[in-house]
Amino acid sequence: MQATLETTERPANTLTAAPIKFERFQAAQEAELQARIIAAKKKLGNRLVILGHHYQQESVYRHADYTGDSLKLSRFAAETDAEYIVFLGVHFMAEVADILSRPEQISILPDLSAGCSMADMANLAKVERSRRELAKVLDFDATITPITYINSAADLKAFCGEHGGIVCTSTNATKIIEWGFRQREKVLFFPDQNLGRWSGYKMGIPLEQMPVWDPDLPMGGLTEAQIKNAKILLWKGHCAVHQMFREQNITRFRAEHPDGIVISHPESPFEVCLNSDYVGSTEYILKTVSEAPAGTRWLVGTELNLVNRLAEQMKPQGKIVQFMSHVICECSTMARIDPQHLAWTLENLAEGNVVNRIKVPEHEAELARLTLQRMLDAS
Ligand code: 13P
Ligand code: SF4
């Protein structure tokens, strides 16, 4: 189940104007929108914090007070005192901000249609069904630690809380899977098979002990022997953006630039990770390339907005940053957060109207908070 979406809400006992309609922003010119965002932000002062993921387009990313990967942004959300947390990211990130902040703080997603297609590849009904099926061949709660990637709905984080599991991000997945094995002998990892496989591989787990669990097939499409032999059951899910990168992209780059260096996000296919020089989160990619010697050339396997921004930033140092694919791999859902939606959100807040609040029901939030806290403590 998704978090409640409250499209317009007024703080109690405040006299305010009627909510400003989004239509008024649709035809506005870019320069006007930028000026209105700056003005509304100034008016809100320290009542507002804007958190921005690295995949956001430059026209909104520039307004973020803090930027980061999922782990860094969840820490910011847990630490801020701001009344309003506006998330330039996708739905699960705003949910995490709501779960980790105090009850009186308000988490906002400027466009409610900014979801994550990978997160949607697992839902509670399918995960519960999988648990029941697995329970036919082993004692689920005694044998399996469920681990959900942070790219998942709050009710899946709550499921992990209820069944002794935990959340991970692309930064800490290996450490968290190790935590999982300290609790029980097997891990059910969802929804990203690529992150799970790469993390398990780095820990020395043979590929045949990491079979794919297809939630749309009876018993995940596996035999009883495969399930019993498995160390990590990998949910059949992936990121459509990172799935576009290919081993051949790397082969061609290395042939043309033998001194070139390859860096990828762990949501990329296994062969891409295997053939990369470095693999890590968005924050890790930015840090690694930024700290590299001048004159180096990089092939980067992650979302296009991040790569384009990095390429511009590295130019003065004589570093060349290339995108891994010839196909445009933009996160189309992140792109829904545009200057129109940001200006509309901030102007409403400045007028006392809360729009697009993301509120996770408390019974889910409590269990989800437990698993997120477990993750923050373990990483
Ligand atoms: P990071 O936590 O590495 O920023 O990844 C989030 C994400 O959704 C990548 O697709
Ligand atoms: Fe989700 Fe992929 Fe977009 Fe990341 S890049 S938010 S995993 S769809």
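Helix α9 (residues 173–183) buries Ala 173, Thr 174, Ile 176, Ile 177, Trp 179 and Gly 180, where buried means under 20% relative accessible area, exposed over 50% and partly exposed in between, using a 1.4 Å probe and protein chains only. Helices (H or I, at least four residues) and strands (E, at least two) are DSSP runs numbered from the N terminus. This is a predicted model, in which local features need pLDDT of at least 70 and side-chain atom pairs count only at pLDDT 80 or more, while totals for chains, interfaces and linings use all residues. Residues are numbered from 1 along each chain as its sequence is written, chains are lettered from A and ligands numbered from 1 in the order in which they are written, and side-chain values use heavy atoms, with hydrogens and water left out.

**Around helix α9**

- The cover over the buried residues of α9 includes the strands β6, β7 (166–168), β8 and β10 (232–235).
- Helices α10 and α17 (362–378) are also among the elements covering those residues.
- As background, an α-helix has 3.6 residues a turn, so residues three or four places apart point the same way.

**Binding-site residues from the record**

- An unreviewed UniProt entry places the feature "binding site" at His 53, Ser 70, Tyr 149, Ile 150, Asn 151, Ser 170, His 265, Pro 266, Glu 267 and Thr 282; UniProt positions are given in the numbering used here, feature names are shortened, and annotations may be inferred rather than shown by experiment.
- Ser 70 and Ile 150, out of that set, are included in the lining of the largest cavity.
- Tyr 149 sits in strand β6 (residues 144–149) and counts as buried because its relative accessibility is 3%.
- Leaving aside neighbours within four places in sequence, Tyr 149 is in contact (heavy atoms within 4.5 Å) with residues including Ser 170, His 265 and Glu 267, which the record also lists under "binding site".
- Other contacts of Tyr 149 include Met 118, Phe 190, Asp 192 and Leu 195.
- Thr 282 belongs to helix α14 (residues 282–290), and its relative accessible area of 2% makes it buried.
- Not counting residues up to four places away in sequence, Thr 282 touches His 53, His 54, Tyr 55, Asp 69, His 265, Thr 302 and Leu 306.

**Cavity and pocket**

- Rolling a probe the size of a water molecule over the atoms shows where empty space is left.
- On a 1 Å grid over the protein atoms alone, a cavity is a set of points where a 1.4 Å probe fits but cannot get out, a pocket is an open set with protein on both sides within 12 Å along at least five of seven lines, and lining residues have an atom within 4 Å of a point.
- Grid points are joined across faces, edges and corners, and a volume is the space filled by probe spheres set on the points.
- The structure has one cavity of 30 Å³ or more, and the volume of the largest cavity is about 50 Å³.
- Lining the largest cavity are Ser 70, Leu 73, Ser 74, Phe 87, Phe 92, Met 93, Val 96 and Ile 150; α4 (70–79) and α5 (91–100) each supply at least two residues of that lining.
- The cavity lining splits into six nonpolar, two polar and no charged residues, with Ala, Val, Leu, Ile, Met, Phe, Trp, Tyr, Cys and Pro counted as nonpolar, Asp, Glu, Lys and Arg as charged, and the others, Gly among them, as polar.
- For the largest pocket, the volume is about 320 Å³.
- Of the 27 residues lining the largest pocket, Tyr 55, Cys 116, Asn 151, Cys 239 and Cys 331 are the closest to its centre.
- The pocket lining comprises twelve nonpolar, eleven polar and four charged residues.

**Aromatic pairs**

- There are ten aromatic pairs, counting rings of Phe, Tyr and Trp (its six-membered ring) whose centres lie within 6.5 Å, with planes under 30 degrees apart called stacked, over 60 edge-to-face and the rest tilted.
- Phe 159 and Phe 190 are edge-to-face, because their ring centres are 6.4 Å apart and their planes lie at 65°.
- This pair links distant parts of the chain, 31 residues apart: Phe 159 in helix α8 (residues 154–162) and Phe 190 in strand β8 (residues 186–190).
- Phe 159 is buried at 2% relative accessible area, and Phe 190 is buried at 0%.
- Tyr 201 and Phe 270 also pair edge-to-face, with centres 5.0 Å apart and planes at 80°.
- Ring pairs join Phe 140, Phe 159, Phe 190 and Trp 235 into a cluster.
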